[in-house]
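The sequence and the model come first.

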Amino acid sequence: MSAPGENLRINSARLWDSLMEMAKIGPGIAGGCNRQTLTDEDAEGRALFQKWCEEAGLTMGVDAMGTMFMRREGTDPDALPVYVGSHLDTQPTGGKYDGVLGVLGALEVVRSMNDLGIKTRHPIVVTNWANEEGARFAPAMLASGVFAGVHTLDYAYARKDLEGLSYGEELARIGWKGDEEVGARKMHAYYELHIEQGPILEAENKTIGVVTHCQGLWWLEFTLTGREAHTGSTPMAMRVNAGLAMARIFEMVQEVAMKNQPGAVGGVGQVKFSPNSRNVLPGTVVFTVDIRTPDQAKLDAMRAEIEARAAEICAALEVGCSVEAVGHFDPVTFAPELVKNVRQAAERLGYSHMDIISGAGHDACWAAKVAPATMVMCPCVGGLSHNEAEEISPEWAAAGTDVLFHAVLETAEVVS
């Protein structure tokens, strides 16, 4: 089979219109989106996506985790499908493109194939993974994790949000609990288009990121137990201050991350004080440390040092300390043959490009455990993501989807 011609492009206006239409569902308060997983807004977004897919001639399957699989048939009934997708769920103050570009870009690929009368030997399955963000139900990439055998279905169903609602109950409530066994599907390959969520591509003036690896990650949830006491009448020397222990751990995490430069990050994005009153020292503080690096040895060493030093900090203040790993994946090396397809597609189309390591976790990380997988990235303004001000240009969206189009056709094998 010859490579797709350089004049083969997606319908960029239709793609952008779809992104803007989806963004109307679960609008944020500052121009972004709040379409958290398994909410009514998530259900509404799913229904719109289903409508568009069925109009494009795709047939739907839904598994027991709520992941949507929209299939375009190939000419060979025995050929395994090429899966292409990402996620439609957002952060509470999320942008319009994180995940959504990958799902609607995949849909645009098959819409463009329909327009151009292109047939492939392998089927193509446009995929909307459930609960990629992990904002409501930790850990992130939950449905793809169950699909890859990293988590059990029972574990996933038992995850609870801050209101105490479980994943299993909420999935059933919104009506998207499918009957397919999770992970029963077999993949020929998996592609995922995503915004970079970092500043490198824009800073280097590159249009396409050819993703070769994904950083490994640990989410470590600390529960510190102090003693609730009046902030005004309790002498400093008589306090059991979980808040102070937390502050010292925050500083230590920064120190560990900086010590492991280059290529390592660490920080804290979620904290819960109890009772969270102005004049009461906290009895309990719960927070999550997020550490990442593409170096396996460095990742393991950072976790060990942070846990050991946190225990020392708490012991010195007589504060109780427990740690639970609530999210993890090892560094991922994406399939070289698919990475090559992405790089060659960018070159064929004349887009500037560079190899890049994904700083964020993605469903592709778990898909890579069960099939060859890789990612395509486009820039985002200022590297800003997980923020309502997240922004990309129509040209970046089109370029990323054009590269995805070519790479998918290469793998799915165009039938002349």
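## The β10–β12 pair and its sheet

Strands β10 and β12 run antiparallel and are joined by 9 bridges. Two strands are said to pair if DSSP finds at least two bridges between them, and helices (H or I, at least four residues) and strands (E, at least two) are DSSP runs numbered from the N terminus. Within this pair, V268 has V289 of β12 as its bridge partner.

This is a predicted model, in which local features need pLDDT of at least 70, side-chain atom pairs count only at pLDDT 80 or more, and totals for chains, interfaces and linings use all residues. Residues are numbered from 1 along each chain as its sequence is written, and side-chain values use heavy atoms, with hydrogens and water left out.

The two strands belong to an open sheet of 4 strands, in the order β10-β12-β8-β13, with antiparallel pairing. β10 and β13 are the edge strands with a single partner each, so one side of each has no neighbour in the sheet. On average, neighbouring strands of this sheet are turned by 15° against each other, direction ignored.

## Helix α8 on the sheet

Helix α8 (242–259) lies across β8, β10 and β12 and runs at about 170° to β10. Such angles run from 0 to 180 degrees between N-to-C directions, with axes as lines fitted to C-alpha atoms, for helices over the stretch in contact. α8 has 18 residues and reaches 26 Å from its first C-alpha to its last, close to the expected 26 Å; the expected span is 1.5 Å times one less than the number of residues.

Its buried residues are A242, G243, A245, M246, I249, M252, V253, V256 and A257. Buried means under 20% relative accessible area, exposed over 50%, and partly exposed in between (1.4 Å probe, protein chains only). The cover over these residues of α8 includes β8, β10, β12 and α9. At the start of α8, a side-chain oxygen of N241 comes to within 3.0 Å of the backbone nitrogen of G243.

## Helix α9

Helix α9 covers residues 296–316; its 21 residues should span 30 Å at 1.5 Å a residue, and the 31 Å between its end C-alpha atoms agrees with this. The buried residues of α9 are K298, L299, M302, E305, I306, A310, I313 and C314. Seen down the helix axis, they fall within an arc of 155°, so they line one face of α9; the arc is that of the directions from the helix axis to the C-beta atoms. The face turned away from this buried side carries the exposed residues A297, E312 and A315.

The buried residues of α9 pack against β8 (216–225), α8 (242–259), β10 (265–274), β12 (284–293) and β13 (320–329), where contact means heavy atoms within 4.5 Å. At the N-terminal end, D295 caps α9, with a side-chain oxygen 3.0 Å from the backbone nitrogen of A297. Just after α9, E318 takes a positive phi of about 60°.

## Strand β6

All of strand β6 (residues 189–195) is covered, as 7 of its 7 residues are buried. A189, Y191, L193 and I195 are buried on one side, and Y190, E192 and H194 on the other.

β6 pairs in the parallel sense with strand β3 (residues 82–86) over 3 bridges, and V84 has Y191 as its bridge partner in β6. β6 also runs parallel to strand β16 (residues 373–378), to which 6 bridges join it. In that pair, H194 stands opposite M377 in β16.

## The β1–β2 hairpin

Strand β1 (residues 59–62) and strand β2 (residues 68–72) run antiparallel and are joined by 4 bridges. G61 stands opposite F69 in β2. The two strands form a hairpin with 5 residues between them, and G66 in the turn has a positive phi of about 90°.

## S112 in helix α3

S112 is found in helix α3 (residues 100–116) and counts as buried at 2% relative accessibility. Leaving aside residues up to four places away in sequence, S112 touches R9, I10, N11, R14 and F405. The C-alpha atoms of S112 and I10 are separated by 5.6 Å, although the two residues are 102 apart along the chain.

The side chains of S112 and E108 are joined by a polar contact of 2.7 Å. A polar contact is a pair of N or O atoms within 3.5 Å; within protein, one must be able to donate a hydrogen and the other to accept it, and residues adjacent in sequence count only if both atoms are side-chain atoms.
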